[in-house]
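Please read these notes with the sequence and the model side by side.

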Amino acid sequence: MPEYGYHLSCEQYGPADLVEQARMAEQAGFQALWISDHYHPWNEAQGQSPFVWSVIGALSEAVSLPIETAVTCPTVRMHPAVVAQAAATSAVMTEGRFRLGVGTGEALNEHITGDRWPPTHVRLEMLEEAVQVMRRLLAGEQVNHRGTHYTVENARLYTVPEEPVPIDISGFGPKSIALAARVADGYITMMPEEEMVTQYRKGGGGAKLVSGGTKVCFGADRDECVRTVHELWFNEQLPGEMGQVLPTPRHFEQLKPLVTEDMVRGNVVCGDDVDQHVSALKEFADAGCDRIYVNQIGPDQRGFFDFYRTKVLPQLPH
């Protein structure tokens, strides 16, 4: 049966708030944590972007839940050898409760070093090579690697967990799903699409972990919740590849007029209707997800956790 987790948003909250939310999530009965890895928020209204690896260190002391990045891009902004060291230390600090979620990333975060932002097929090649490098390092090997995209010389991690860190790959297109099925320890999706989960499992993923995530806005006034989502997370409703190619929060804000409040109302669970919240998470369970994460967009964090503890989580299949 599925497990249910909470998705911590580094784009919207600073380190202290994230740690407190993690504590409330554990007390409310959530069973795992996701945490986003960004250099920039999507827009100025979100307003935060702490370094995820520092936050994970704090979380390792604050809670006993499993923690996973959702997701890290180990290809441009950070060399995979450095990401491997960060992941290994996180796994040691959490006593093996850490998974590394990775993906091909967004220009928003990755272009900052001035390197060219590659097209999708190149980013997928880079991700596959990065996973190969990280696996060897996480196993404690001394690595010398000269590949198409990365060079590693005489690298060895001395602080490594007893068991290798699982690496999950995020994807929403056929090529990225196929890559996850071929090389990953699990698959991450943000859409409750059974067809995508089936492609992953039939393509080689088998019974490996499939995780899905969604955003909601809990609050007593549904219209106010819709306005909150439209202000903070309108980017989620933008079509096509814009989320991967736009370079700054300002560029996303220029596209805000394309997103209407009606689009939000039709695509994001807003308000305090228990059935709607339960249904949104059940969609992921019905699609075949093993872990389902939810993120509260609105400001009433404590109210959200009380609502899920008393009314939503008890109604979900466990």
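1. At what angle do the axes of helix H3 and helix H5 cross? The axes of H3 (residues 80-93) and H5 (residues 120-138) cross at roughly 45° and come within 9 Å. Axes are lines fitted to C-alpha atoms, for helices over the stretch in contact, with angles from 0 to 180 degrees between N-to-C directions. Helices are DSSP runs of H or I with at least four residues, and strands are runs of E with at least two.

2. This is a predicted model, in which local features need pLDDT of at least 70, side-chain atom pairs count only at pLDDT 80 or more, and totals for chains, interfaces and linings use all residues. Residues are numbered from 1 along each chain as its sequence is written, and side-chain values use heavy atoms, without hydrogens and water.

3. The whole structure has zero disulfides, a disulfide being a pair of cysteine sulfur atoms within 2.5 Å. The sulfur of Cys217 has its closest cysteine sulfur in Cys225, 3.8 Å away, which is too far for a bond. For Cys270 the closest is in Cys217, at 5.3 Å, again too far. Cys217 is buried at 1% relative accessible area, and Cys270 is buried at 2%; buried means under 20% (1.4 Å probe, protein chains only).

4. Thr189 lies in strand S8 (residues 186-189). Thr189 counts as buried because its relative accessibility is 1%. Leaving aside neighbours within four places in sequence, its contacts (heavy atoms within 4.5 Å) include Trp34, Phe284 and Cys289.

Terms used: Buried < 20%, exposed > 50% of the residue type's maximum accessible area, 1.4 Å probe, protein only.
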